[in-house]
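Student: I would like to go through this structure by question and answer. Please put it up first.

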Amino acid sequence: MELLIALVIGVMTTAGVYLTLRARTFPVVLGLTLLAYAVNVFLFTMGRLTIGQPAVIDAAAAGYGDPLPQALVLTAIVIAFGMTAFLIVLALKARGELGNDHVDGLHLAPDEVPYEKPEQIKPSQQTQVTETTMNSQSNQEVKP
Amino acid sequence: MSLLAFNLPIVALLPFAGAALAAWASKINRVASAWTAAAITILALAFLAPSMHLPFQGETLVQSWAWMPAIGLDFAFRLDGLALLFALLILVIGLLIIIYARYYLSNKDSMGRFYAYMMMFMGSMLGIVLSENLIQLVVFWELTSLSSFLLISYWQHRKDARHGARMALAITGAGGLALLGGVLILGNIVGSYNLTDVLAAGDMIRAHELYVPILVLILLGVFTKSAQFPFHFWLPHAMAAPTPVSAYLHSATMVKAGIFLLARFFPALSGTPEWMWLVGGAGLITFMIGAYTALFKHDLKGLLAYSTISHLGLITLLFGFGTQLAAVAALFHIINHATFKASLFMVAGIIDHETGSRDMRKLSGLMKYMPHTAILAMVAAAAMAGVPLLNGFLSKEMFFEQAVFAAETNAWAWLLPVLVTIAAIFSVAYSLRFIHDVFFGGEPKDLPKTPHEPPRFMKIPVDLLVVICLAVGIIPMFTVAPILAVAAAGTLQGVPPEYSLSIWHGFNLPLMMSILALILGVGVYFIRHKLFAIHAKLFERLDARVVYHAILNNTLAFALKITRGFDKGSLQNAAVWIIGASVIAGAIGFMSSSASLFGSREMLPVDPVTLVAAVALMIATVMTVVWHAQRLVSLITLGVIGLVIALGFVKFSAPDLALTQLSVEIVTIVLLLLALYFLPQKTPKEIGRFRIGRDAVIALLSGIGATLLTLAVLTRDFAPISEYFLENSVPGGGGTNVVNVILVDFRGIDTLGEIVVLALAGLGIYAMLQGMKLPAPNKDIYGRFWDTDNHPVIMQTLTRLLLPLMLLVAVFIFLRGHNLPGGGFIAGLIAAVAIIVQYLSNGIAWTGERLKTDMHWVIGFGLLIGTGTGIVSMMIGFPFLTSSFTYITWPVVGKFEVASAIAFDIGVFLVVVGATVLSLVQLGRLSNASHAPHQNSIPAKKQEAK
């Protein structure tokens, strides 16, 4: 079991580092999120793996998992969320200021080629002519 | 408590409060800030007054509070004769300058800013002179550098002002660093940073092997601040400041701070050959260079600047003599210089103000237009030249006497009286030039303004100072003698030697030198035009500023070269360096350990369900990388990873973590989805094989390292420190859920820090998105338009029904948190999800109308409650954030535990809700803002509705 968990951490770290080193902001945010997962799980396992023994005091309990790493990781998860949120908004800000999403502010780096458009799936869907946002208008307008 | 127990810190800190007040007062009315500043200064004087008699009684008042005892830093203030003299100079001359500046500043200048800076500077100066603790003194010393930077660059639109300010900051800031070093060594060898101990340990310090480094470092601080050679060149450039600033900084304060430090450390450091050569040498050179250069400056303020440098050199030279009498003479000259130089600067300001020019080649014959000012200028300039019956004469006589006395010390010292007489000749000449060029010599030509007398209150401060010059010069025994005596006693930390302040000492060598200087000085003035020509040929190009700029530019270029060597201006590059370095560091760690990689702890067996989940997670991770160019898809796989991790937490006995991970996962994905909308939908394809390969190798090595490290740890046994928490959770914290008790009780202060971070992240996101507009695509990557149905009715109906249920769950999770999995973090996330779902399904406008609470307030209240519970426990005498609990029995519910930690948990809850909702809603608003110009969907729908 320990080997399995160590492998999981390793795979997440590899993926996280690789994505963190990419040039566009979105993969970087994904990469850092993955790294945060890896770090959280790593910290959590420092209390060793225990199955079915939550750290809730109970006279009938046979033993307890280590509560200290759990408490640390709990806040770490929330902080990681705060960091991810901040990062992604920073990415948006950079996009707004620089006009692109390259981490160095380049429109197209020397080692990149423009993304090829995938084939359009169903031309029939083009009939809709309006654009909307995810959550911009209030619902009054939709009411019949 | 008597006022004498705490008045000194008030004197020093009051101006800082005054700075804020003056800045605020300028909103009411321009003049209000001047009055505020004056009132604060008078108030500071009033606070100083009750303790003024103590130095006269030979007592030193020390007021001290422990601050950081571990590093020897006390919050300690001291009032002895020296401190009193300087405090009075700072406050009284400061008051006069405040009155003067109110008339000097034009309508275009911001009064509030001026007086705020002025007050900050005054407070920093008072802090220096009143400090008992040396580290605290250095702190105030740095504050004077900073606030003088603000003052010198007051006219920010002027390039010379910005340059002058930067130069002053660079020089005095570097000196301050050296001073800090000197003070740290000094305090270390004395064993105390308190002046009382340091001053008493003079013999020990002088005998110590580190004496010379200490002396050099402290003198670097002194010389840079007091514009001593070779650091004198910043002072003339600081003349770009408004004249009241120059009058204050270069008469009684800023440059006198260095001199003050010489006087302060006089008992501890003086009396050695090193002291004599370094201090005396720098003083003599500065004295001569300043006097000589002043004559050749055509700008009134330039002349005064070099004259200031020269007089500072004179004072430094006196301290350099190292005798007690010389120190008394130095103190006397400090007082005299402050009075006549402040008045001369103010006169220069008046002339500039009323004629529009400070160029002595243009100015002339102003006697006719401003006789009152002219008389003031003449008296002050005569005092500067050392004319009998004025204060400058008395201290100059004492100075000559010391020079003559020192001449007998060694074979070459006979040069000393000669050199100082030459410098004195030049100071007579430039003083004469200041008067004769400006006020006499025929009608002025092409002045920008017709000259006339200034407003009355611009002259009154000068009047007062000139009266002091006269009074001290004519009846020294009845005016300056008492304060000089206590200042001398404070400087020498003992009984001052016998000295005579009388005007007539008989016909002796010093008097001869004075007369010689006066006669030859007049002579030099009359051949000045020839000297100007010679000077222009020889020395015009000789400028220390050139050296300064060369050093500065070379340092910057060198730093830039090193930085550029590592940082190519690319984040990708920097990230490779960082991660690559940590991989190497990790590898070295593995290599250097001789222990076997894995321990012998028995592993748990693998069960099929976990295996499937783990494999799913790994596949999802790999897919995230493979599909990262298709952003939406990679987000889905990321969600899978998060969910499997939550399941893992369930499996491995961490229900709290599972709940947290689950709710965070939802919020994160929603957030990334919202953001994704504004990022380019396409990731360009990478073709750089080298970069991909290199990154893959680094990533793989990191992964292998992480795996090995985890295995190395997990295969070993360990002795956890968690036993304490498990044992004390119920008796100490009153809760059975140990994780929650740790969070809100045992490690409460960590949690407080973490919610502060979260709050800052939320506020930072809000600030960044404020007013931002981004291009929003109207089609997806396949060219399809978005769905028109923003808020599907089924989803609306369902989420509205769900809201109370979700909030109920949040409350339930919150309340049970102390005893069963749950708590503020998780409840906060659930409540946040409940609210966000409303925004998502019903739109911001609809939800905003119904939920009017501003999330800023929620965050604020959360932090307030969190900190408040800590402070309450402090107030009743326990350490910060100590919790207490009791059990009460409620009807129906039964026995229920109430812990103060619950209040803290409410704080956590509020911050989590506030920060999360604030970020997401602000992001949602962005889409409204970005769509505002082309809302073609709305008319279409309205038509439909009809």
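Predicted model: local features only at pLDDT ≥ 70, side-chain atom pairs only at ≥ 80, totals over all residues.

Tutor: Residues are numbered from 1 along each chain as its sequence is written, chains are lettered from A and ligands numbered from 1 in the order in which they are written, and side-chain values use heavy atoms, with hydrogens and water left out.

Student: Which element of chain A has the highest mean pLDDT?

Tutor: pLDDT is the predictor's confidence in each residue, from 0 to 100. Chain A averages 80, and 79% of its residues score at least 70. Helices (H or I, at least four residues) and strands (E, at least two) are DSSP runs, numbered from the N terminus. Strand β1 (residues 112-113) of chain A has the lowest mean, 78, and the highest, 94, belongs to helix α1 (residues 2-20) of chain A.

Student: What pattern does chain A follow along the sequence?

Tutor: Chain A holds three helices and one strand. Read along the sequence, the pattern is α-α-α-β.

Student: What share of chain A counts as buried?

Tutor: Buried means under 20% relative accessible area, exposed over 50%, partly exposed in between (1.4 Å probe, protein chains only). Chain A has 144 residues. The buried share is 57%.

Student: How much area do chain B and chain A bury between them?

Tutor: Buried area is the accessible area (1.4 Å probe) that two parts lose on being put together, summed over both. Contact means heavy atoms within 4.5 Å. The contact takes 147 residues from chain B and 105 residues from chain A. Carbon and sulfur atoms carry 72% of the buried area, which totals about 11900 Å².

Student: How many salt bridges are there between chain B and chain A?

Tutor: A salt bridge is a side-chain nitrogen of Lys or Arg within 4 Å of a carboxyl oxygen of Asp or Glu. The side chains of Glu2(A) and Arg601(B) meet in one, at 3.9 Å, N to O. Between chain B and chain A the count is four.

Student: What covers the buried residues of α29(B)?

Tutor: Those buried residues include Arg631(B), Leu635(B) and Phe649(B). Chain B contributes to the cover with α28 (608-626) and α30 (655-676). From chain A the cover includes α1, α2 (25-45) and α3 (67-98).

Student: Which residue caps the N-terminal end of α16(B)?

Tutor: Helix α16 (residues 300-321) of chain B reaches 32 Å from its first C-alpha to its last. In α16(B), 22 of its 22 residues are buried. A side-chain oxygen of the capping residue lies 3.3 Å from the backbone nitrogen of Lys301(B). The cap is Asp299(B).

Student: Is Trp35(B) buried or exposed?

Tutor: Trp35(B) lies in helix α2 (residues 30-48) of chain B. Its relative accessibility is 57%, so Trp35(B) counts as exposed.

Methods. Expected span 1.5 Å × (residues − 1). Polar contact = N/O pair within 3.5 Å; in protein donor to acceptor, adjacent residues only side chain to side chain.
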